[in-house]
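Hi,

Here is the structure I promised to pass on.

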Amino acid sequence: MTQIAPDVREVSARPQNAGRDWLREALPKIVLSPSLAMVLIFVYGFIIFTFYLSFTDSRILPSYGWEGWSNYSKLFRIRAWDTAVSNLLIFGSLYIVICCALGLALAILLDQKIRAEGFIRTVYLYPMALSFIVTGTAWKWFLDPGIGLQAVVRSWGWESFTFDWIKDGDMAIYTIVIAAVWQTSGFVMAMFLAGLRGIDNEVLKAAQIDGASNWALYRRIVIPQLRPAFMSAFVVLAHMAIKSYDLVIALTGGGPGTATELPATFMYSYTFTRNQMGIGAASATIMLMAIAAIMVPYIYSELREKK
Amino acid sequence: MSSNATATVVRTGAGSRFVIYTLLILFCLYYLLPLYVMVVNSLKPLSEIQAGGMMSLPEEWTVAPWASAWSTAQIGVEATGLKPFFWNSIVMVVPAVAISTVLGALNGYVLTKWRFRGDTIIFGLLLFGCFIPFQMVLIPMARMLGIVGLAGTVPGLIFVHLVYGIGFSTLYFRNYYQQFPTELVRAAMIDGAGFFTIFRRIMLPSSGPIAVVCVIWQFTNIWNDFLFGASFSDFDSQPMTVALNNLVQSSTGVKEYNVHFAGAIMAALPTLLVYIVAGRYFVRGLMAGSVKG
Amino acid sequence: ADVEVLHWWTSGGEAAALNVLKDDLSGQDIGWQDMPVAGGGGTQAMTVLRARVTSGNPPTAVQMLGFDITDWAKQDALANLNEIAEEGNWNEVIPAALQKFATYDGQWVSAPVNVHSTNWVWANKAIMDELGLSEPQTWDEFTAALQAAEDAGYTALAHGGQAWQEATFFDAVVLSVGGPEFYQASMIDLDPEALGSDQMKEVFDRMGTLRGYVDDNFSGRDWNLATAMVINKEAAFQLMGDWAKGEFLNAGKVPGEDFLCFRFPGSQDQVTFNSDQFAMFAQGDSVSDEQAALAKAIMSPGFQIAFNKVKGSVPARTDLDAGELDACGQKAYEDFKAAASSGNLYGSMGHGHANPASVKNAMYDVITAHFNGEYDSETAVEELVLAVELSQ
Amino acid sequence: MGFLDIKNATKSYGAVKVLHETDISIEEGEFLVLVGPSGCGKSTLLNMIAGLENITTGDIAIKGRSMNGVRPADRNIAMVFQSYALYPNMNVGQNIVFGLEMHGVPKPERDKAMKEVAELLQIEHLLDRKPGQLSGGQRQRVAMGRALVRDPDVFLFDEPLSNLDAKLRVDMRTEIKKLHQKLKTTIVYVTHDQIEALTLSTRIAVMYGGHVQQLGTPKEIYDNPANMFVAGFMGSPSMNLFPATIAVENGRAVARTKLVGGAEATLPFAEGRGFERHEGRDIVLGLRPEAITDRDGADRNSQSVHVVEAHVEVTEPAGSDTFVVTQMGGKEVTGRFRADVDVQAGQSFPFAINMDKAVVFDPETEARIS
Amino acid sequence: MGFLDIKNATKSYGAVKVLHETDISIEEGEFLVLVGPSGCGKSTLLNMIAGLENITTGDIAIKGRSMNGVRPADRNIAMVFQSYALYPNMNVGQNIVFGLEMHGVPKPERDKAMKEVAELLQIEHLLDRKPGQLSGGQRQRVAMGRALVRDPDVFLFDEPLSNLDAKLRVDMRTEIKKLHQKLKTTIVYVTHDQIEALTLSTRIAVMYGGHVQQLGTPKEIYDNPANMFVAGFMGSPSMNLFPATIAVENGRAVARTKLVGGAEATLPFAEGRGFERHEGRDIVLGLRPEAITDRDGADRNSQSVHVVEAHVEVTEPAGSDTFVVTQMGGKEVTGRFRADVDVQAGQSFPFAINMDKAVVFDPETEARIS
Ligand SMILES: Nc1ncnc2c1ncn2[C@@H]1O[C@H](COP(=O)(O)OP(=O)(O)OP(=O)(O)O)[C@@H](O)[C@H]1O
Ligand SMILES: Nc1ncnc2c1ncn2[C@@H]1O[C@H](COP(=O)(O)OP(=O)(O)OP(=O)(O)O)[C@@H](O)[C@H]1O
Ligand SMILES: [Mg+2]
Ligand SMILES: [Mg+2]
C-alpha cells in the first residue's frame with residue numbers, strides 16, 4: 001500500500017500583488033473545478049433528479065405530478081424486479097468471484113517465465129476490447145444447443161452431450177456469467193500480473209529457503225500480498241456487473257422469459273419501452289442506493305487508509 | 001517497494017511446466033473461440049452458414065462479406081456500408097479520449113501534488129461517479145444538451161463521454177501520481193516552474209505508462225458505446241456502433257450473418273489494434289500505479 | 001429544405017421501399033436525412049426519440065407503432081395533420097381501427113404506411129402433402145395436424161422464444177378461444193373480469209399445448225431462423241405476421257406451391273394487425289411544408305402499393321387496386337378490407353396495438369413466463385390480472 | 001542579525017506540533033548542519049526555509065528580508081534532495097539549466113553556465129545522458145550541478161549522501177567540503193549521519209522531537225554535549241554513558257563505577273573542573289571510545305589517564321582500530337584500541353582511560369553538569 | 001576438505017560469465033564475508049550456495065555433501081535478505097516459524113522455538129505485529145529470528161544491514177558479532193561495506209568483476225592486500241596510494257615521492273623487508289591513513305616513523321579524529337590526526353609517517369610486491 005506523499009502547499013498570499021498570488025494559490029482548485037462541476041451536475045444532480053422522478057407520475061417523459069411512494073410500492077410487487085435483483089446477486093457474486101479466481105490463476109501461470117508471454121497475454125486481454133454488440137451474436141451461436149457447442153460435440157460422436165443452459169430458465173443466468181467472465185477475466189489477469197510483478201523477489205526466495213512448496217508459497221505468501229490488486233479488480237468488476245446491459249440484451253434479451261433480467265435491463269425497459277418512467281426511476285434509485293451501500297464504505301476505507 | 005518487471009523467481013519442474021503450458025493453451029482457445037466463430041463465418045458465403053456449419057472452416061473462402069460490410073451493406077436508406085460511420089466514430093473518439101486523459105492527468109496532479117482541504121472528498125465524489133448507470137442519465141442529459149445547444153452535435157457527444165469518463169481517468173492518474181516522487185515537484189518549484197510548467201515539463205513526460213492504460217480504457221469504452229452514440233448523435237454524426245447495430249439488427253428480411261460478422265470485426269478492429277499495439281505497455285502501466293491503489 | 005426521418009427499417013427491402021419515398025420527395029426538392037436506429041421492433045428508436053425530443057431537437061418524422069403515437073400526442077409533441085388529411089380524404093379511406101391510432105383528440109397526428117396482419121400460420125406444403133394434411137379449420141384440427149407432424153419426426157411448430165413472438169401466439173389463441181368479444185374485453189378494454197376468467201385459463205392451457213409442439217431449442221431464436229426451419233422442411237408450421245412471407249420469397253419459394261399461408265384456426269374472420277405510421281413532430285405552430293409533403297407522399301397510392309409490395313404487408317388505405325400484389329398479398333388485402341368493413345379488425349396486443357406499452361410489456365412478462373414453464377395456467381391468470389393492474 | 005535568521009519559527013500539522021519554537025541564526029558563508037534521528041523535523045525545517053512548507057508562526061529571513069509569503073523560486077535558494085530529484089525525462093544538461101530556463105535566462109548564457117558547472121564537477125561527458133543512465137555518485141553530482149548553476153544565496157541539502165554506498169559517501173563528503181571551501185556559499189545541510197555533521201559543518205544544530213537540542217560548532221557539540229541525547233547521538237561509535245558516583249579523594253573529584261565481577265574503578269577527573277562540590281552525587285559519566293584505549297595508545301599529553309583492568313566481552317577488529325567492549329556500571333562500554341593490540345574476548349585486559357574530556361550528566365534531567 | 005566447499009564454481013547468464021572459477025573452503029564456525037563493489041557477483045555466489053541459482057559448472061558442498069540439484073529447502077541453510085523479505089501478510093511470530101511449519105514441525109514445538117528466538121533477540125513484545133508496523137532495526141531482528149529458529153548448518157546474509165541508518169548499522173553489527181560468538185554457526189555474509197567485513201569476519205573474500213581477488217583473514221586483507229584493488233577497497237578512508245620510486249640510502253631501502261611545491265620526501269622502509277633489490281623501480285606506495293598522523297599521535301613502538309613537512313589542503317574534523325588531506329606524488333593523501341591538533345587548510349604542517357606497514361605495488365600489474 002502506498003503512502004500519500006507529503007504534499008506541496010502554496011505559501012500564503014501577501015498583500016502586494018495580491019491578485020497574482022490569489023490566482024497562483026487558487027490555480028489548482030480552478031483546474032479541478034470543471035471536473036467537479038461536471039460531476040456535481042451530471043452525476044449528483046441527475047441522481048437527485050432521478051430520485052425526484054421516482055415520486056412522480058412520469059410515464060413517457062418526465063412529468064411532475066407528485067405520487068408519493070406509489071412507484072416504490074408497485075416496484076416491489078413486480079415479480080420481474082425480484083428476479084432482476086436476485087439475478088444481480090447471483091450474477092454479480094459469481095462473476096466477481098470467478099473473474100478473480102480465473103484472473104489470478106492465469107496471472108500466476110503466465111508469470112512462470114512463459115515463452116510467448118506477450119502473445120498469450122494479448123489473447124487473454126483482447127475480449128476487453130470488444131463490446132457485446134460485436135461479440136453477442138457469436139456467443140449466442142456458440143451457446144445455442146442447436147448450432148453451437150452442443151451440436152458440434154454431438155457431431156463428433158458424443159451423442160448424449162448436453163449444454164443447453166442458454167435455453168434453460170434456471171441456468172441461463174450462468175451463461176451470462178460465462179460470457180461476462182470471458183470478456184473481463186483477461187483484464188483482471190493483467191491487474192494481478194502487475195500485482196505479482198510488484199512483489200519483492202527476495203520474499204519469494206526467502207519462502208523457498210523456508211521450504212514452502214510452490215503451492216504453499218502462493219497460498220501463504222503471494223496471494224495475501226495481492227490485496228491491493230484484488231481491491232482494484234473489485235472496483236472494476238463491480239462497476240461492470242452493475243452496468244451489464246449490452247451483455248444481457250445481446251445474449252438472451254432477458255430471457256428465457258424473464259430469467260436473465262437484471263436491474264439495468266429492468267430499469268431500461270420500464271423507463272424506455274414500457275413508458276413507466278416513474279417506476280424506472282424508482283428502480284434506478286434503489287439500484288443507486290445498493291451501489292452506494294457497497295462502494296461508499298469501500299471508497300471511504302481506501303481513501304482513509306492512506307492517511 | 002522493489003519492483004521487478006520480470007517473471008517470478010519461483011521455480012517449477014518440467015512436469016508442472018507441461019501442465020502450465022497445456023492450461024495456458026486451453027485458455028487461449030477459450031478466449032479465441034468467439035473470435036474464431038466470427039472470423040470463420042465472415043469468410044463464408046451465406047448459404048454455408050444457413051446450411052448450419054457455423055463451427056467449420058469455409059468450404060469456399062470469400063471476402064465478399066467484408067467488402068459488402070465496408071462499402072455496400074444496407075445501413076439505412078442508403079447502402080453505404082460502415083465506411084462513412086467509421087470516420088464519425090474517429091472524429092468523436094479521438095478528442096474525447098484525448099481530453100479526458102489530459103483532464104484526468106490534471107486532476108490526478110492536483111489531487112496528489114497540490115492537496116488542499118477536502119481534496120479526498122472531491123476525489124471520492126469523482127470516483128463514485130464511475131458507478132452511475134448510464135441508462136439513468138439519458139433523459140436529463142438530453143435536456144441539458146438541449147439547453148446549452150449541443151444536442152445532436154459531435155461536441156455534445158464528446159462532452160457526454162468526457163463527463164462519464166473523467167472518474168476513471170482521474171482514478172488512474174491519481175494512483176499513479178501518488179507514487180511519483182514529490183521531491184521532483186519541489187525541485188521544480190524551487191527552480192521556478194509554475195503549476196502548468198511543472199505539469200507539462202515534469203509530470204507529463206513521465207506519465208507514459210499510465211497514459212497508455214487510461215487511453216486504452218477510455219478508447220474501448222467510448223468506441224464501443226452504443227447508448228450515448230445513438231441517443232445524442234444526429235443523422236450525420238452517428239457512430240460506428242449505431243451503424244453496426246442497424247446492420248445487424250434489421251427487423252425483417254434476410255439476415256446476412258456473414259456480412260454481420262464481417263462488420264462486427266471491422267467495428268472492433270480499432271480497439272483490437274489499440275490492444276495489440278499498446279498491450280505490452282498495459283501491464284507495465286497497471287504496475288506503475290493503478291493496481292497498487 | 002430537408003426532412004429528418006427516424007426509423008428502424010434497415011433491411012434491404014425496407015430500405016428500397018423507403019427509397020421510393022425519398023425519391024418522391026427529392027422530386028419536390030426536399031432532401032432526406034436518414035436517421036435509422038434498428039433493433040427490438042423500434043424500442044431503441046423510441047429511446048433515441050425520447051432523448052431527441054427532450055433535448056429540443058426532435059426529428060422531422062418518426063416511424064411509430066400504435067399506442068406510442070397516442071402517448072406522444074398526449075405530450076402535445078405531434079403536429080396536426082388535419083389539413084392534409086382533409087385534402088387527401090383520409091377519413092374515408094382509412095379504416096376506423098387505424099384511425100384510432102392515427103388521430104388523437106379529433107386531430108390527425110400520423111400517416112399510416114401499412115397494415116401487417118399477425119394471425120397467420122405458415123406451413124410447409126411438402127410436409128402437409130406428405131402427411132396428407134389439409135388446411136386446419138379448428139383448434140382441434142390444428143392440434144391434430146401438429147401431432148401428425150411431430151409423429152412424423154418434424155418439429156411441429158417453428159418458434160423463436162422472444163416475448164413478442166409468444167405474444168403473437170397469444171393474440172391468435174385469445175381470438176380462437178373467446179372470439180372477438182373476449183379479445184375486445186380482455187386485450188383492449190383490459191376488463192379484469194375477462195382477464196381473470198376461465199376462458200383466459202383456457203387460453204393459457206392452449207398456449208401450453210402449443211408449447212408442447214415447439215422444439216426444445218427455441219429460446220432466443222430470431223423469428224427468421226424459425227421461418228427458415230419451415231422453409232428447409234425441418235418444421236411444419238409457424239405462427240408469424242405477414243412479414244414472414246418475404247423470407248419464403250427470398251428463398252425462392254412460391255406461395256401455394258411450396259408453402260401455404262392461412263389464418264390461425266378459430267380466427268379466420270378476424271384480422272389482428274399492426275400498422276407502421278409516420279408521426280410528424282411539431283416544429284413550430286403548424287406543419288411545415290416538408291412535413292406536409294412527406295405526409296402526402298406517404299399516403300399517395302403509388303407509394304402505398306410500391307412499399308407494401310416489398311414489405312409484405314398491405315396498404316393502409318382501403319381504396320386501392322391490389323393487382324400489383326402477389327397472391328398472398330391480394331388475399332391479405334381482401335381479408336383486411338373485409339375485416340375493416342365488418343368491424344373485425346383488431347389491433348394486435350403482441351404488437352402494441354391493443355393496449356399501451358406498459359400494459360403490453362406486463363402481459364409479455366406473464367405470457368413468456370408461462371410459456372417457459374414458470375407459471376401454470378392458474379398462476380398465469382392471476383399474475384396477468386395483477387400485472388395489468390400494476391402497469392396502469 | 002545574521003545572514004539567515006530563523007526566529008521563533010514553529011510548524012504544526014493540524015493539532016500536531018512537529019517543530020517547536022526554533023531560533024537559529026547563521027552568518028554568510030557558514031555551513032549549518034541539521035542533524036537528528038528520523039522524524040525529528042529536519043526536513044520540515046529545511047522545507048520551511050525553502051518555502052515549500054508554510055511557517056505556522058515565527059519568521060524566517062534571508063539577508064534581513066523576511067521570506068514569509070515569498071515563493072520558493074523567488075527566494076534565491078537552491079536545493080539538493082536525498083533522491084536527487086533529477087527530472088527523469090530531461091538529460092543532464094537540461095536538468096542543470098532548467099532553473100535558469102524558468103527564470104528566463106537566455107539560451108547562450110544558460111549554455112555557458114552549464115559548461116562551467118559541468119567542468120567544475122567533472123561531468124562534461126555526461127551532459128547528454130538521461131538520469132537513468134547514471135550511477136549514484138554521478139546523479140549526486142548532477143543534483144549539485146543543478147543547485148550550483150543558480151548561484152544562490154543559500155544552498156539547502158536534504159540528506160544528499162544517504163542514498164550512496166559507504167565508500168562513495170566518504171568521497172562525496174570530501175567533495176562537498178572542498179566545494180564549500182572554494183565557493184564560500186551559505187549552506188544548510190540535513191543529515192542523520194553524525195560523521196557527516198561533524199566533518200562538514202561550521203555549525204551544527206542537533207534536533208530531537210521537534211526541538212533544537214543544541215546549536216554549536218562541531219567541537220562544542222562533540223566535546224561538550226548539552227545533554228545525554230546529544231552525547232549519545234554524535235560520534236561513532238557513540239559516547240559511552242554509564243552510571244557512576246562522584247567522590248572526593250585527596251581533594252580531587254573522582255568518579256566511581258562498577259566493573260564486571262563487582263570490582264570498583266576509581267577514575268579521577270582532570271583538575272580544575274570543580275566537580276568536588278557534587279560529592280556523593282549519582283551521575284552518568286560520558287566517555288568517548290577514543291578516550292578508552294590500550295595502554296600504549298593513550299594520549300601522551302593527557303594528565304589524567306588512568307588504567308583499569310576490565311573484562312573484555314567482544315572485540316571488533318576494524319582494520320585501522322580494534323573496538324573492545326567491556327562493561328562499566330552495568331552498561332556496555334566500547335573502547336577504541338590500536339589495530340595491533342592482541343586482545344581476546346573473555347580475557348581481562350588493562351584499559352587506559354583518559355578523563356580529560358569526560359563529561360558528566362544528571363541521570364534525571366539528562367542535562368550536562370559542569 | 002572444509003565444512004563449506006566451493007570448488008571451481010562458475011556462473012553464466014547466457015554468454016555472460018558473471019562468476020569466474022571460484023574456490024573457497026571454510027571450516028565449521030567460520031564467518032566468511034564476501035565483499036566487493038556492486039555487481040561483482042556477491043549475491044550470485046550466495047544464491048548459488050542457497051540453491052536459488054543453478055551452478056553453471058563446478059560444485060558446492062556442505063559438510064562434504066554435494067549440493068548440486070538439492071532444493072534450497074533441503075540444504076539446511078537459512079538466509080537473511082537485504083530487504084529483510086519478511087512476509088508482509090503474517091505477523092512476526094508467524095514469520096519466524098513459517099520455515100518450521102513448512103518442514104512439518106508440530107505447533108507446540110514451533111511455539112517453543114519461537115519463544116526462545118524471540119527472547120534471544122528481545123522481540124517478544126513484537127510477536128503480534130505485522131512487519132509494516134516495525135522499525136528498520138526491528139525488522140532486521142525479525143529476519144534474523146526467522147533464520148535462527150531453523151538451527152541451520154549455514155547462515156547466509158545478503159547485505160543485511162544496508163537498509164539501516166548509520167547508527168543502527170553499528171549497533172546491529174555488534175549484535176551479529178555477539179550472536180556469532182555465542183552460536184558458533186558457520187556464516188556467509190555479503191556486504192559492500194568494508195568496515196562490516198573487517199569487524200565481523202574470520203575470513204574475507206574480496207570480489208571484483210566476478211573474480212575473487214583475495215581470500216584471507218581480515219588482518220591479512222588489511223595489512224597485506226594482494227593488489228591495489230583490495231588495498232583501495234578495504235579500509236575507510238581508504239589506503240593512500242601514490243607513485244614513488246625505490247632508492248637505497250645507507251644500505252636501507254627508501255621510497256622517494258614528490259610533495260606539493262616540488263620538494264621531495266624520502267621515506268625509509270622498515271628494516272628487513274628486502275626492498276633493496278628493487279632499487280630504482282617505480283612503484284605505487286600504499287599507506288593507511290592511520291599511518292600518517294601528527295607527531296604526537298604517531299605510534300610510540302614503531303621504528304620507522306618519519307616526519308615530513310607538507311601542505312595541508314583540506315581538514316575534516318570528525319570528532320574523534322581529524323582527517324587532513326595533502327598531496328604526495330600528485331595524488332591526494334589523507335592522514336588521520338588526533339582531534340585536538342590545531343591544523344588549518346593552507347598551512348604547511350609536519351606529517352608523521354609510519355612506514356612499518358607500508359605496502360608496495362607494481363604500477364603495471366597492480367599486484368603487491370614483497
Ligand atoms: N504532511 C504532514 N502531515 C502530518 N505530519 C507530518 C507531515 N509531514 C511530516 N510530518 C511529521 O513531521 C515530523 C517531522 O518530519 P520530517 O520529515 O521533518 O522528519 P525528518 O527529520 O526529515 O526525518 P527523516 O530523517 O526521516 O527524513 C514527523 O514526525 C512526520 O511524521
Ligand atoms: N538474471 C540475470 N541475468 C543476467 N545477468 C544477471 C542476472 N542477475 C545478475 N546478473 C548480473 O550478474 C552480475 C552480478 O550480480 P550480483 O547481484 O551478484 O551482484 P552483487 O555483487 O550482489 O551486487 P550488489 O552489491 O549490487 O547487490 C551483475 O553484473 C548483474 O548484472
Ligand atoms: Mg527528512
Ligand atoms: Mg547483491
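Below is what turned up around one ligand and at one interface. Keep in mind that this is a predicted model.

Let's start with ligand 2.

T44(E) has a polar side-chain atom 2.5 Å from an oxygen atom of ligand 2. Backbone shows up too: a polar backbone atom of G39(E) sits 2.7 Å from an oxygen atom of the ligand, and for G41(E) the distance from such a backbone atom to a ligand oxygen is 3.0 Å. On its own, ligand 2 exposes 630 Å², and the protein buries 56% of that.

Now for chains A and C. Here 27 residues of chain A are in contact with 32 residues of chain C. Together the two chains bury about 2500 Å², with 48% of it on carbon and sulfur atoms. You'll find three salt bridges between them, including one from R79(A) to E383(C), where the closest N and O atoms are 3.2 Å apart. There are also 14 residue pairs in polar contact across this interface, both residues being at pLDDT 80 or more.

On the chain A side, helix 2 (70-77), helix 3 (79-110) and helix 12 (263-273) each supply at least two of the touching residues. Helix 12 gives the most, with five. By class, this side has twelve nonpolar, seven polar and eight charged residues.

Cheers

Key. Residues numbered from 1 in each chain as written. Chains lettered and ligands numbered in written order. Predicted model: local features only at pLDDT ≥ 70, side-chain atom pairs only at ≥ 80, totals over all residues. Heavy atoms only, no water. Polar contact = N/O pair within 3.5 Å; in protein donor to acceptor, adjacent residues only side chain to side chain. Areas by Shrake-Rupley, 256 points an atom, 1.4 Å probe, with all protein chains shown as cover. Contact = heavy atoms within 4.5 Å. Buried area = accessible area lost by both parts, 1.4 Å probe. Salt bridge = Lys/Arg side-chain N within 4 Å of Asp/Glu carboxyl O. Helix = DSSP H or I, 4+ residues; strand = E, 2+ residues; numbered from the N terminus. Nonpolar A, V, L, I, M, F, W, Y, C, P; charged D, E, K, R; others polar.
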